[in-house]
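Please examine the sequence and the structure shown below before reading on.

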Amino acid sequence: MGTVQLKVGDRARLTDYYQRALGLEVLGENSESTILGRGTTYLVQLNDGKGLQLPARSEAGLFHTALLFENRSDLAATVYTAAQYNPHSFVGSSDHLVSEAFYFTDPEGNGIELYFDRPRDTWTWRGERVAMDTIALDPNDYLQTHLNENALQTQVEAAATVGHVHLQVGDVATAKDFYVDTLGFDSTSQLGDQALFVSAGGYHHHMAMNVWNSRGAGPRRDTLGLGEVLIQLPHADEVGQLAERLSYAGIEHHHTGAELRFSDPWRNRLRVAVS
C-alpha cells in the first residue's frame, strides 16, 4: 500500500496534527498539498479541499488509514504522542491476534489506526482464511510495558508504512465482486455481510471494507475525506494485466502504462502504480 491522499478543509491544522501527534515529517509541499511521512516513505498527502463539506458518517469513504510500525516501542511512542496531543481523539484499542492496534481520529474525522504485526509464524490460517479477533487491549498497560525514552526521542526516525486501508462501502457482496473477483485480491476474512478483508501475498489484509456505518450507501459525493488510495505493484506488466481485467469488466479507467487510475463502485478513487 502506498500514500493515502486526503482532501482537507484546514491544511495547516491537519499538518500540525500529523506532525505533532503522529510524529510524521513534511517531505514535500506546494500551494495545494502537503506530503508527510517517515524517512523517505510518503504516508499521507493532504490536499486542499476548501469549499467542500465534511461527509456524513453514513457515507461511503475512508474508515481508517492504518500505519504499521516495526516494533512495539515505536508503536507505543506514537500512541503516546497522539494521546497527548488530544486525548479525545483516541477511540479504542484491540488485540486482533495477528496485530495490536490503537485507533484515533484526526481533527477532521479521518480514522487512523496505529498498529504492530505479530510475527507471521504466529498467525493461524484455516485454509485461505486467517484467524482474527477483537480482544480488549489496555492502552495504559501497553504504554507502561513498551514505551521508553529512546523511542520517544527517535520517533521521527522510526520506520512506518501504510499497512492497510479500510473503507466504508454500501454492501459487502459488491465489494467482494469488485476487489476480489475483478481486481484479484485474495479474501482472507469475512464477517458475514458486515466486513470483508483482502490481501495479496499472504498478508492478513491490505484493504478492508465494512458497512458498520454505511450500509446501503451509494456513490460518494465530492466531500472532504478520502481523496485517493495508492496500491503499489512490483512490475509494470502486472499493472497492464489489471487494466485488461478492468476493460473486460467494463470499468472505466485511465492507463498510462506505468500507472492505472479508476474508482470502485462507491467512487473511492484508486491508483495502481509500479513501486
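Which residues of helix α5 (residues 172-182) are buried? They are Val-172, Ala-175, Phe-178, Tyr-179, Val-180 and Thr-182, where buried means under 20% relative accessible area, exposed over 50% and partly exposed in between (1.4 Å probe, protein chains only). The model is predicted: local features need pLDDT of at least 70, side-chain atom pairs count only at pLDDT 80 or more, and totals for chains, interfaces and linings use all residues. Residues are numbered from 1 along each chain as its sequence is written, and side-chain values use heavy atoms, with hydrogens and water left out.

**Ends of helix α5**
- Just after α5, Gly-184 has a positive phi of about 100°.

**The sheet**
- Helices (H or I, at least four residues) and strands (E, at least two) are DSSP runs, numbered from the N terminus.
- Nine strands, in the order β11-β6-β7-β8-β5-β12-β15-β14-β13, form an open sheet with mixed pairing; two strands pair if DSSP finds at least two bridges between them.
- β11 (135-136) and β13 (186-191) are at the edges with a single partner strand each, so one side of each has no neighbour in the sheet.
- Strands β12 (residues 160-168) and β15 (residues 207-210) run parallel and are joined by 4 bridges.
- Leu-167 has Met-209 in β15 as its bridge partner.

**Gln-155**
- Gln-155 is located in the loop between α4 (149-153) and β12.
- Gln-155 is buried, with a relative accessible area of 10%.
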